[in-house]
Amino acid sequence: MQVRVLPSPAPYRETWEAMRAFTEARAADTPDEIWLVEHPPVFTLGLAGKPEHILAAHDVEVVRTDRGGQVTYHGPGQVVAYVLLDLQRAGYFVKEYVRRVEQAVIDLLRELGLADACLKPGAPGVYVPWPRTGGETAAAAEPTELAKISALGIKVRNGRTYHGVALNVDMDLTPFTWINPCGYEGLRTVDLASCGCRIGMGAAGERLAQALVRTLSAQGSSR
């Protein structure tokens with residue numbers, strides 16, 4: 001699996017079109033790729049996305065795309081890993097693919113000191129208990145909710161995946177309050193920095209790609 005780091009900021013529409021073109025053109029022996037990108041501010045709506053989940057777009061571009069899911073935000077300080085994977089060659093189905101991508105993020109977060117990173121039933125993505133106990137922002141508080149730190153949105157065409165997973169590293173989180181993230185009213189969104197984890201964008205992207213390669217290439221499948 002090849003990892004490519006795209007020049008940043010990478011315009012969302014152009015990157016999306018490039019992913020679709022790659023997927024359409026690839027052959028049975030085309031190597032799988034992971035594209036690491038950082039986008040300028042953009043709200044994206046999935047195929048079933050409801051415009052009413054965008055509460056106030058302000059001056060942020062809104063793009064209706066062909067991934068699954070509702071609405072999310074991409075912007076500076078967030079690393080996005082687009083996974084261009086041949087599922088038939090990998091040997092597992094979509095459900096297993098989603099599980100592996102989420103597990104890769106959880107593995108990375110645990111390596112970075114967020115040992116309680118977890119999934120939330122019925123809500124794709126990766127979460128952390130909030131407020132953090134012993135962290136910078138809430139040293140003595142007990143967690144009262146799960147906050148989203150990583151969002152997942154995929155598309156499968158002819159057995160090949162595109163779109164991928166976003167990890168909030170160190171960003172202005174305000175635009176998430178202008179939407180119902182992933183269609184959930186009042187869902188809190190956090191980043192690594194607000195959890196007390198300081199890491200550069202380049203290092204975060206590299207380690208996310210490494211975690212994805214390990215998890216997606218591991219033996220064992222749902223077939």
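Are F22 and W35 buried or exposed? I looked up both residues in this predicted model and found that F22 is buried, as is W35.

**Entry 1. Overall form**

I began with the fold as a whole. The protein contains four helices and 10 strands. Read from the N terminus, I noted the order of elements as β-α-β-β-β-β-β-α-α-β-β-β-β-α. I then checked the radius of gyration: it is 17 Å, close to the 17 Å given by the globule rule for 223 residues, so the protein is as compact as a globular protein of that length. The C-alpha trace spans about 55 × 40 × 30 Å along its principal axes.

I next looked up burial and surface. Of the 223 residues, 52% are buried. The accessible surface comes to about 10,000 Å², and carbon and sulfur atoms account for 53% of it. For contacts between residues at least 6 apart in sequence, I recorded that 67% join residues at least 24 apart.

**Entry 2. Aromatic pairs**

I describe each pair of rings by the distance of the centres and the angle of the planes. The count for this model is four aromatic pairs. In the pair of F22 and W35, the ring centres are 6.0 Å apart and the planes stand at 70 degrees; angles over 60 count as edge-to-face, so this pair is edge-to-face. F22 belongs to helix α1 (residues 12–25) and W35 to strand β2 (residues 33–37), so the pair ties together parts that are 13 residues apart in sequence.

I turned to F43 and Y73. Together with F176, they form one aromatic cluster.

I also looked up a charge over a ring. R20 lies over the face of W16, at 4.2 Å from the ring centre.

**Entry 3. Nonpolar cores**

In soluble globular proteins, nonpolar side chains tend to be buried together. Which residues of the largest nonpolar core touch the most other members? They are Y97, L109, I149, L192 and L212, in a core of 39 residues. The elements giving two or more residues to this core are β2, β6 (78–84), α3 (94–111), β8 (123–130), β9 (145–157), β10 (160–168) and α4 (201–217). Helix α3 supplies the largest share, seven residues.

Leaving out residues up to four places away in sequence, I149 touches L109, L114, V126, V128, A166, L167, N168, V190, D191, L192 and C195.

A second, separate core has 15 residues, among them M19, W35, V37 and L84. I noted W35 here again, as it is also the partner of F22 in the edge-to-face pair.

**Entry 4. T44**

Why does T44 count as buried? Its relative accessibility is 0%, and the cut-off for burial is under 20%. Leaving out residues up to four places away in sequence, I recorded that T44 touches Y12, V63, T65, R67, Q70, V71, T72 and H74.

Notes
Residues numbered from 1 in each chain as written. Predicted model: local features only at pLDDT ≥ 70, side-chain atom pairs only at ≥ 80, totals over all residues. Heavy atoms only, no water. Phe/Tyr/Trp six-rings, centres within 6.5 Å; stacked < 30°, edge-to-face > 60°. Buried < 20%, exposed > 50% of the residue type's maximum accessible area, 1.4 Å probe, protein only. Lys NZ or Arg CZ within 6 Å of the ring centre and 35° of its normal. Rg over C-alpha atoms; globule rule 2.2 N^0.38 Å. Contact = heavy atoms within 4.5 Å. Areas by Shrake-Rupley, 256 points an atom, 1.4 Å probe, with all protein chains shown as cover. Core = buried A, V, L, I, M, F, W, Y, C linked by side-chain atoms within 4.5 Å.
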